[in-house]
Amino acid sequence: MSVSKKRKSSAKTKRGRSHQSLTKVKLIKCAKCGKATLPHQVCSFCGSYKGKEIIKPKIKKKKEGK
Ligand SMILES: [Zn+2]
């Protein structure tokens, strides 16, 4: 294994790490239920896309009152 000749300066380290940032998850409001969902995808809460129901919702609604 080679040994580096010179120590990398803190500025060079930081410059390299400037490309490692994570991108924010983009969310849109569902047209039907108004909950935050991923764009260009079927809503995971009500199963609708562009106001139309495509699939049956996976998550069942919680019953009010126990
Ligand atoms: Zn929805």
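A residue is described here as buried when its relative accessible area is under 20%, as exposed when that area is over 50%, and as partly exposed in between (1.4 Å probe, protein chains only). By this criterion S48 is buried, with a relative accessible area of 4%. The model is predicted, so that local features need pLDDT of at least 70 and side-chain atom pairs count only at pLDDT 80 or more, whereas totals for chains, interfaces and linings use all residues. Residues are numbered from 1 along each chain as its sequence is written, and side-chain values use heavy atoms, with hydrogens and water left out.

S48 belongs to strand β3, which comprises residues 48-49; strands (E, at least two residues) and helices (H or I, at least four) are DSSP runs numbered from the N terminus. When neighbours within four places in sequence are set aside, the contacts of S48 (heavy atoms within 4.5 Å) are C30, K32, V42, C43, E53 and I54.

The zinc ion is coordinated at 2.3 Å by the SG atoms of C30, C33, C43 and C46, where donors are N, O and S atoms within 2.8 Å of the metal (3.2 Å for Na, K and Ca); water is not among the atoms, so sites may look incomplete. The angles among the four donor atoms run from 104 to 115°, and the site is tetrahedral, a label given to four donors if all angles lie between 85 and 135 degrees. Along the sequence, the donor residues follow the spacing C-x2-C-x9-C-x2-C. C30 is buried, at a relative accessible area of 9%, whereas C33 is partly exposed, at 35%.

Together with V42, Y49 and I55, I54 forms a nonpolar surface patch with about 330 Å² of accessible area.

H40 is located in the loop between β2 (36-37) and β3. This residue is exposed, with a relative accessible area of 70%, and the phi of H40 is near 60°, a positive value in a residue other than glycine. H40 and I28 are separated by twelve residues in sequence and by 9.3 Å in space, C-alpha to C-alpha.

Note on methods. Tetrahedral: all angles 85-135°; square planar, octahedral: opposite > 155°, others 65-115°. Patch = residues over 30% accessible without salt bridge, like charges linked within 9 Å, V, L, I, M, F, W, Y side chains within 5 Å. Areas by Shrake-Rupley, 256 points an atom, 1.4 Å probe, with all protein chains shown as cover. Salt bridge = Lys/Arg side-chain N within 4 Å of Asp/Glu carboxyl O.
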